[in-house]
Amino acid sequence: MALRDLPAAPANQEEGDDKNCDEVSVTPRVLATVRMELRTAVTDLSVRGLKLAAKWAAEQLGGLRQASSSAVTAGAVERGEDENEEEYEEEYEEGERAPPLDLSDAFLVAKAYFDTGEYQRAAHVLKSKENKSRNDDNGSTTTATINQEELFLRCYATYLAGEKAKEERMIEITDQLDRCQVVNKALQELVDELGPLHTSQALDGFNLYIYGVALKEMEPFLLHQGTPTPSKVAAAAAAAAAAGGGGEGGEGGSAAELAGGGGGGGRGRGRERSTHRPSAKIVLLESVCAYPFNWSAWLDLAEVMIEDGQQQQQQQQSHVRSSSSSSSSKAGGGGGGGVGGGWLGGGGTEGGGDGAVPMELQEQLSSSWMFDFFQAHLLLEQHQSEQALLLLNRLLQVFPTSSYLLAQRAIARYNHRDFEGAQAGFRQLHEQDPFRLENMERYSDILYVKESRAELSHLAHLAVRNDKYRPETCCIIGNYYSLKGQHERAVMYFQRALKLNRKFLFAWTLMGHGFLEMKNTGAAIEAYRRAVDINPRDYRAWYGLGQTYELLQMYFYAIYYYRKAATLRPFDARMWCALGVCYENLDRRAEAIKCHERAVCNNDREGIATAKLARLYRDDEEESKAARCYQRHLETRQGYQTDGSSDTVDALLFLAHYHIRGRDLHTASLYCNRLLDMGGREQEEAKALLREIRSMEGQEEDEEVGGGERGGRESIGAFRVFENEESFMDSSFSSTEASRVEATPDFNSGTSSRRMTRQQAAAATAAAAAAVAGGDRRGRRVTGARSPEI
């Protein structure tokens, strides 16, 4: 059962951490089933050497809610589901638990070699046993005689031996391009061996997983070697039809013949594709359906699905561009970039090629509670933090102490730029599991952004005492030195982290930031490119490349990389602000205005986009739009202490002039009074504006008192409160306010009897402006608030 399908608890129960998330009601039967499934998974995964997957399953087992500590809901009591969890565990042990594994002596020997890192030796032991068994059976091997455990351990050991050899070759190669071409030579052997077994459906969930991994690792190199484009596929199909051949080939073939999957076209194949291979996505889907508790298979499936989605999006964009550039051109044959395909992103072809996902697999997959973990991970990878948070909060009600879920929730808040919530989440995780170092580099990044030097120093000391030679520890120390401004030492620690793990993405990105602070643009570009090679979905690396090229004033390159970042984070205002600045530097004002408007619509917290958009509107003489943007900028920056920034000063000056031109003198005086606190040239300009405002108000008073006395009396009579006091009110207003205005000192004149301080001058100017404005308002309308003397 999927956890999202469980009923919600009654409304009178206590709320969880997230008020928007209904509390999940889990029966003891469901808890007992999940607990026994996780216990069995830990054993199965550990026996086969899948250490990370076994560790993940054990973490969820430890974080699962205890039935005795959770209150049974009233609905469960009415349904008769308030029994003890131990009773269901006993039922599971009697009826549903799988029989214990019958491991051979050869498997135990090979597993011992495997645990010590002797992968080739482990594979050789199992291969020798298999050859001996085949000779005893006169060379015949049937599906019933295949030992699934031995087959998986041998294939997995072969794969790891190839990876080890690949890493050794990459260390010896100095050229970056040649290093990228190094391939695990064991992949072809694995595909050739497991392909026929997959066709005959003789593989279990674990062997399907290793087969899917081999296909996934080979696909990028097959595409790089020249996977046929739709036009080439059509041409090859026409040539094959003309030659009258290209039928289904055998199962063997070279690497170029394994270019199946993705979204194929017609059934005819030429010489380069003489055999049909399933896509890695289909095989991994079959693997998680056959055995849903292998978290490593779910992670690989998520990676393949995201890459397929990006390829389909690129194909759609190229199709739109080609169709718009030439009205006569039509979409060329095949290609799996269609829109259809359901939640798993199917192939989109009419015939449902290799990329299409069968509906029975979708239904079987979504019925498992592991699918909820997979969906949350997929949402996080696609930067959909709000939806991920909702799902993670529901999962945390069933696994309340799961370190993995607590870390994922903190990361989701971090991606959503909720630094306070992310910091609280990581602090809770650190208190619960103080020796955990996974994801702690993100915690250090939050502390760096918030400039919490003391807490970051404490975290660095704890990480060093825990494990000094971990990539996470090196990144934490590097962030600490970056916060202190010692970027050279920070880069040294990031390089140390990469020596420990060359694929540690966070270290590459942080090292790029460090080189950028040191103005070493070449090294920064190289670091960011390595980060993008490891994970093309890392928007920070794309954004860093854009920043570097913007610093080099290569704005077209910067726009390209900023667009990549904006594609991954379309709701992040910073990406659109950066794009707008580049367009502005290229004098493409229309595109710059659109980008800044997009940033404003996406919660521009710092007010950067509003200030730049207002400046663009001001230069285009659209004063009303500029005034609205400047007003919004001031409202956005109200909670910040940097009121003396240039953008704030520009906003106050523009709004003061704007309201003076609109004869709204009271509002203009308010902005001028705020400028008096700035100091320097702005203060002097504010004083001049206040003098101008007083002059304009005096002219209005003279016109009203001298030339418009009759109109003024009629205006007062319209709001009559005291019937017989019109003349008294007029005379009292004119004498009182005139005396106040005459008594106001002119602190800007040189003939003043005593010198006033700057604060006194500002206070006097504010009082004079308030008195004049208040008198003007009292002269135009009569209120009911009178003093007792009157």
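User: Which helix is K594 found in?
Analyst: Keep in mind that this is a predicted model. K594 counts as exposed, at 60% relative accessibility. The place to look for K594 is residues 589-601, which is helix α28.

User: Is D587 buried or exposed?
Analyst: D587 belongs to the loop between α27 (573-585) and α28. The cut-off for exposed is over 50% relative accessible area. D587 comes out at 59%, so D587 counts as exposed.

User: What is phi of D587 near?
Analyst: Here's the background: most residues other than glycine have a negative phi. D587 isn't a glycine, but its phi is positive. The value is near 60 degrees.

User: In which loop does N603 lie?
Analyst: N603 is another residue with a positive phi, about 60 degrees, although it is not a glycine. To find N603, go to the loop between α28 and α29 (608-619).

User: How many helices and strands does the secondary structure of the protein come to?
Analyst: Let's zoom out to the whole chain. The protein has 790 residues, and buried ones make up 45% of them. Among contacts with a separation of 6 or more, 63% are between residues 24 or more positions apart. As for secondary structure, the count is 36 helices and zero strands.

User: Which residues does F373 touch, not counting residues up to four places away in sequence?
Analyst: F373 is one of the core members that touch the most others. Leaving out residues up to four places away in sequence, its contacts are W56, Q60, W295, L395, F399, Y404 and L405.

User: Why is the pair of Y549 and Y561 called stacked?
Analyst: A search of the whole structure turns up 27 aromatic pairs. A pair of aromatic rings is described by the distance of the centres and the angle of the planes. For Y549 and Y561 the centres are 5.4 Å apart and the planes sit at 15 degrees, and since planes under 30 degrees apart count as stacked, this pair is stacked.

User: Where are Y549 and Y561 in the chain?
Analyst: Both residues are buried, and they are 12 residues apart, so to speak from distant parts of the chain. Y549 is in helix α25 (residues 539-551), and Y561 is in helix α26 (residues 555-568).

User: At what angle are the ring planes of Y560 and Y561?
Analyst: Y561 is buried, with a relative accessible area of 6%, whereas Y560 is partly exposed at 45%. Their ring centres are 5.1 Å apart, and the pair is edge-to-face. Planes over 60 degrees apart get that label, and here the angle is 75 degrees.

User: What ring does the charged end of R48 sit over?
Analyst: A charged end can also sit over a ring. R569 does this with the ring of Y539, 4.6 Å from its centre. For R48, the distance to the ring centre is 4.1 Å, and the ring is that of F206.

User: How far away is the nearest cysteine sulfur from C475?
Analyst: The whole structure has zero disulfides. C475 is buried, with a relative accessible area of 0%, and C629 is buried too, at 12%. A disulfide needs sulfur atoms within 2.5 Å. The nearest cysteine sulfur to C475, that of C474, is at 7.0 Å.

User: Which residues does A656 touch, not counting residues up to four places away in sequence?
Analyst: A656 is in helix α31 (residues 646-661), and it is buried, with a relative accessible area of 0%. L689 is 33 residues away in sequence, yet the two C-alpha atoms are 8.1 Å apart in space. With residues up to four places away left out, A656 touches A668, Y671, C672 and L689.

Notes
Residues numbered from 1 in each chain as written. Predicted model: local features only at pLDDT ≥ 70, side-chain atom pairs only at ≥ 80, totals over all residues. Heavy atoms only, no water. Core = buried A, V, L, I, M, F, W, Y, C linked by side-chain atoms within 4.5 Å. Buried < 20%, exposed > 50% of the residue type's maximum accessible area, 1.4 Å probe, protein only. Contact = heavy atoms within 4.5 Å. Phe/Tyr/Trp six-rings, centres within 6.5 Å; stacked < 30°, edge-to-face > 60°. Helix = DSSP H or I, 4+ residues; strand = E, 2+ residues; numbered from the N terminus. Lys NZ or Arg CZ within 6 Å of the ring centre and 35° of its normal.
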